[in-house]
Amino acid sequence: MRRSALRPGTTVALAAVVLAVVPPASAADGHRTETIRLTARQVQSRLLDLGAKGIGLGDELVIAEDLYRGGRKIGDHSVVCTYIRIQPGDFQLQCVGTFALPEGQITSQALLHLKGQGTPAPAVDIALTGGSGAYSTARGYVHTVAAGGTERQVTFHLTMDEPAAG
């Protein structure tokens, strides 16, 4: 395995989570909103050098995180990022991830821009692409904010369909 151009702890920029659930609000239009706050702690990461030596197009970054609510582990998050643009001082990664929570899973996708030595933005908004279980109709985004070298605060902003009356 070779060294990454990313600084230690940079990979945590892709996700993180102290979870607090804000009570859902019901809307007259058949939708409800929910905000979930978590802390993510990175537990593993690896840069896969899949071509010529050194970071190049198609190389992958694989990350695993544990998700916490009030200091108790309640789920996990995994993400795979593929390097899609390599230019001096500018890396772009296409990332696809899954958050596994007790009530179901939430999938996400983002295009990340890393500048200089692989420094991520201090905050990133990640689009939700789907879900299962309680999140099967979820749409919205996840806002992540760095909270140290291997932690991020993660806030899910969800809108979901209300169950049909029947």
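Rings of Phe, Tyr and Trp (its six-membered ring) pair if their centres lie within 6.5 Å; planes under 30 degrees apart count as stacked, over 60 as edge-to-face and the rest as tilted. By this rule there are two aromatic pairs. The model is predicted, so local features need pLDDT of at least 70 and side-chain atom pairs count only at pLDDT 80 or more, while totals for chains, interfaces and linings use all residues. Residues are numbered from 1 along each chain as its sequence is written, and side-chain values use heavy atoms, with hydrogens and water left out.

**View 1. The ring pair Tyr83 and Phe91.** The ring centres of Tyr83 and Phe91 are 6.1 Å apart and the planes stand at 80°, so this pair is edge-to-face. Tyr83 and Phe91 are both buried (under 20% relative accessible area, with exposed over 50% and partly exposed in between; 1.4 Å probe, protein chains only).

**View 2. The ring pair Phe99 and Phe156.** Here the centres lie 4.9 Å apart with the planes at 80°, so the pair of Phe99 and Phe156 is edge-to-face. Distant parts of the chain are linked by this pair: Phe99 is in strand β5 (residues 90–101) and Phe156 in strand β9 (residues 151–161), 57 residues apart. Strands (E, at least two residues) and helices (H or I, at least four) are DSSP runs, numbered from the N terminus. Phe99 and Phe156 are buried.

**View 3. Arg41 over Tyr68.** Arg41 lies over the face of Tyr68, 4.2 Å from the ring centre. The criterion asks for NZ of Lys or CZ of Arg within 6 Å of the ring centre and within 35 degrees of the ring normal.

**View 4. The β5–β6 hairpin.** Strands β5 and β6 form a hairpin with two residues between them. They run antiparallel and are joined by twelve bridges; two strands pair if DSSP finds at least two bridges between them. Phe91 stands opposite Leu114 in β6.

**View 5. The two faces of β6 and its pairing with β7.** Strand β6 (residues 104–115) has a covered face that includes Ile106, Ala110 and Leu112. Its uncovered face includes Gln105, Thr107 and Lys115. Four bridges join β6 to the antiparallel strand β7 (residues 123–131). Ser108 has Leu128 in β7 as its bridge partner.

**View 6. The whole protein.** The protein has nine strands and zero helices. Of its 166 residues, 39% are buried.
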